[in-house]
Amino acid sequence: MSLADNLASIEQRISAACARAGRDRSSVLLLAVSKGMPPELIREAADCGLSVFGESKVQEAKLKISMCPGRLRWQMIGHLQSNKCRDAVHCFEMIQSVDSLALAQEINKQADKQAKTMPILLEVNLAGESTKFGFKADEVLANLDAINALPKIEIHGLMMIAPWTPEPEKVRPVFRQLRELKAQCEEKLGAPLPHLSMGMSGDFEVAIEEGATMVRVGTSLFGSRPKVVKQARAEEME
Ligand SMILES: *Cc1c(COP(=O)(O)O)cnc(C)c1O
């Protein structure tokens, strides 16, 4: 299967999920998760019409962005360390993986230095899985006002990596919980939050049915990530 074939099939599945949920196709952004993928593949994806890419490591993204067409847009979806915030604010149009108040404060500081306002999502770990980053539900609400008060940060919504399961139906309640948490945040802020970033290769259709506005799809689009090649490539680029 070529990338174009993969994309056609994903598009068809997104449209069908939108139709089932009575939603417009334009209400869901397909974020192409290009972590671990070489610039040639990203250019191929761009030629197929994709324009927004997700990366999980700042160093890798920084190198690859310079090797890709300038019109592409990039979002950070991986755990961010505070010493990488300067580069992250520079490279990305949105940071989806804000998982602590301290990180939000550092992003705010770097955004101020770069005379920017940074759109962010708050990453939520609803199941409280120890292997994942993110605020627990009560922590999101507890930190919301403090993060919202940071002048160079704009909260655009919530992001979640759902627990892995071979049966996507099983995570439907978790997607629904995130949507409900977003509503609680909106009530607390007194303002709408446009984005709910949830759903990956294995579960994006259920996520769309439950209200996702962004689905982050990697392996269904690009194929499995070449781990060994990726490491060799990273070393090569350093
Ligand atoms: C890798 C990754 C994805 C994409 O996962 P696939 O299963 O390959 O589609 C989505 N979101 C985040 C945060 C990721 O790290």
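1. Glu60 and Lys64 both belong to helix α3 (residues 58–65), where they sit four residues apart, about one turn of the helix. Helices here are DSSP runs of H or I with at least four residues, strands are runs of E with at least two, and both are numbered from the N terminus. The side chains of Glu60 and Lys64 meet in a salt bridge, 2.7 Å from N to O. That term stands for a side-chain nitrogen of Lys or Arg within 4 Å of a carboxyl oxygen of Asp or Glu.

2. A word on the model before we go on. It is a predicted model, in which local features need pLDDT of at least 70 and side-chain atom pairs count only at pLDDT 80 or more, while totals for chains, interfaces and linings use all residues. Residues are numbered from 1 along each chain as its sequence is written, and side-chain values use heavy atoms, with hydrogens and water left out.

3. Are Glu60 and Lys64 buried or exposed? Glu60 is buried, with a relative accessible area of 13%, and Lys64 is buried too, at 2%. Buried means under 20% relative accessible area, exposed means over 50%, and partly exposed lies in between (1.4 Å probe, protein chains only).

4. Now look at helix α5 (residues 101–113). Lys109 and Glu106 are three residues apart in this helix, so about one helical turn separates them. They form a salt bridge whose closest N and O atoms are 3.8 Å apart. Lys109 counts as partly exposed because its relative accessibility is 43%, whereas Glu106, at 18%, counts as buried.

5. How many salt bridges does a search of the whole structure find? The search finds 17. One of them joins Arg20 to Glu209, with the closest N and O atoms 2.7 Å apart. This pair links distant parts of the chain: Arg20 is in helix α1 (residues 3–21) and Glu209 in helix α8 (residues 204–209), 189 residues apart. Glu209 has 22% relative accessibility, so it counts as partly exposed.

6. Stay with helix α8 and find Val206, which has its place there. Val206 counts as buried because its relative accessibility is 7%. Leaving out residues up to four places away in sequence, Val206 touches Pro168, Glu169, Arg172 and Phe175; contact means heavy atoms within 4.5 Å.

7. You will find Asp203 in the loop between β7 (195–197) and α8. Asp203 is buried yet has no salt bridge, and Arg216, the nearest side chain of opposite charge, is 7.1 Å away. For charge, Lys and Arg count as positive and Asp and Glu as negative, while His and the chain ends are not counted. Beyond its neighbours within four places in sequence, Asp203 is in contact with Ala162, Pro168, Val171 and Phe175.

8. Finally, a pair of helices. The axes of α6 (residues 137–148) and α7 (residues 172–189) come within 10 Å and cross at roughly 35 degrees. Axes are lines fitted to C-alpha atoms, for helices over the stretch in contact, and the angles run from 0 to 180 degrees between N-to-C directions. Ala137, Val140, Leu141, Leu144, Asp145 and Asn148 in α6 meet Leu181, Gln184, Cys185, Lys188 and Leu189 in α7.
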